[in-house]
Amino acid sequence: MTFVHALPLALVIGLPLIPLVLHLLTRQRLRTVELSTYRFLFDSYVRQRRRTRFLEALLAAMRMLFILGLLAMVARPVAKRTSGLFQGGGGRDVILLIDCSASMNSQAKGQSALDRAKESAKAVVAKLSPDDRVTLVRVTGRPEEVFSRFSTELSDLQDRIDGLQTSPSRANLFGALVGVFGDEQRRPANPLVYFFTDAQAGSFREIERQKPTAERLLPAGTPFLLVDVGTKVPRANLAVIGNPPPRRRAVAGLPVELSAKIVNASTEPADATLTFLVNDHEIERQSLKLKPNETVTRKMAPYVPAEAGVLRGRFEVATTGRNADSFPDDDRYLFTLHVEPKLKVLVINGWPVADPFENETLYLRAALSAERAPPKDAPPDPTREIARAIELTEEPESAWAGLDESRLKPKLDDYAVLILANCGTLHAVTQYAFTALRAYVQDGGGLIILPGDKVDPQNYNSAFFPTPAPLKDRMVPAVLGPTDGDPERPETFRKLTRIDFDHPI
């Protein structure tokens, strides 16, 4: 028992004894003289005297109780309840662990598990004594200590509890206990621990894995009260649990295949609507009918990103029937779609002619295109995906005539790869060609040289591959040699391999 206003011990003990002392001092002490003629009167006198003494003692007791009542009114004693949930005496370290995981948003009868946890925690705080020190811990994937050994007005404690919010992660009870009891120098000596939770299995995962360590964290004899604020009321719950976008990169202008996985975690059938959004703009909507405990995967229509960049996509599911979703936090599946621009390739044709079969880039363009549809049920072809990501531009070698270095650089910067197809007179067209190409490669551009009968090897070996002074180095260690064989006599050609006439090209 504690007192709001403490009084001096001498005053508390001394005042109730005053009526007793006065009673003892005022007792009448009479001398007894026996007379034979008064024998019958004496018996009556004894009975009256006993009654008088009883009344005097009762009056003294009533005076003592009256003074004790006055002292109690001034001191205002406060009794502490020690039964049931609220236990512990004054001066204890009360640890409040409140589960703030995502599952605490689950609702039953219009109230979430977190709201029930807050009400229970505030009820515990209301029963504590002024000498108790309260520590509040927000238990999530990374537990957060809101305040430590806090002792102040009841309203301040309850406001701190009301301000708790959930996180997207699960609860980690072991991490919360380590934060409170891990430091032996700061470990509370006489703790009382409350854990308000919906008792999901994930909250105790680390406890089970590190059971010996967890048992040593709490001081011996520490009361640990688990307050289950969950509910056994059947609840409807739909969730979007996947799927992520495909691993291959998305390219602007090319379709991307996306699909969503939805689960009905309730015991009742559900009608729902699945929505696909990109950057908060709705792209597609589908209607769903799910059986109890059914998981389905719905394929969306191919999505074609219009431009490159990082797109914020999400799948959303919403119930359309009479049963509202009791856990709306898992109704969204968020993902990002990294869209790359098409790979711009510039082909410089060193021998453009009207006859397509004689054109220098006929086979090159065929190799870099993916216009022909693949056969049905054909396995995925990575080379076709690469070809679809290429934006091909072709120019004749003469298009570079008259361009100086200041005009060549921005022209080349628009392309990721440059292909020189049998370009033998490029340096003659403009004297800045090799200088611009060398700077383009040094800045990270890709260059493919396909020499042919129009190329003078010495022109590349002496004017292009060597870097200018003072580096005195070469861009590539390769050296172009003279033509091997007679272009007019195919039998003199040196073949690399046989020709596969079944190849698509």
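In what sense do strand E13 and strand E16 pair, and over how many bridges? The model is a predicted one, and in it strand E13, residues 270-278, runs antiparallel to strand E16, residues 309-319, with seven bridges between them. Within this pairing, Phe-276 stands opposite Phe-315 in E16.

The largest nonpolar core has 25 residues, and the members that touch the most others are Ile-262, Phe-276 and Phe-315. Several elements give two or more residues to this core: strand E10 (238-242), strand E12 (259-264), E13, E14, E16 and strand E17 (332-340). Which of these gives the most? The answer is E13, with five residues. Another core, of 24 residues, lies apart from this one, and among its members are Val-94, Ala-113, Phe-147 and Phe-196.

Now consider the chain as a whole. The protein chain has 14 helices and 21 strands. It has 505 residues, of which 34% count as buried. Among contacts in the protein chain with a separation of 6 or more, 74% are between residues 24 or more positions apart.

Where is Asp-404 found? Asp-404 is in the loop between strand E19 (390-396) and helix H11 (405-413). Is Asp-404 buried or partly exposed? Its relative accessibility is 28%, so Asp-404 counts as partly exposed; the class runs from the buried limit of 20% to the exposed limit of 50%. The side chain of Asp-404 is joined to that of Ser-406 by a polar contact of 3.0 Å. Asp-404 and Ala-433 are 29 residues apart along the chain, and their C-alpha atoms are separated by 8.3 Å.

Key: Residues numbered from 1 in each chain as written. Predicted model: local features only at pLDDT ≥ 70, side-chain atom pairs only at ≥ 80, totals over all residues. Heavy atoms only, no water. Pairing = 2+ DSSP bridges. Helix = DSSP H or I, 4+ residues; strand = E, 2+ residues; numbered from the N terminus. Core = buried A, V, L, I, M, F, W, Y, C linked by side-chain atoms within 4.5 Å. Buried < 20%, exposed > 50% of the residue type's maximum accessible area, 1.4 Å probe, protein only. Contact = heavy atoms within 4.5 Å. Polar contact = N/O pair within 3.5 Å; in protein donor to acceptor, adjacent residues only side chain to side chain.
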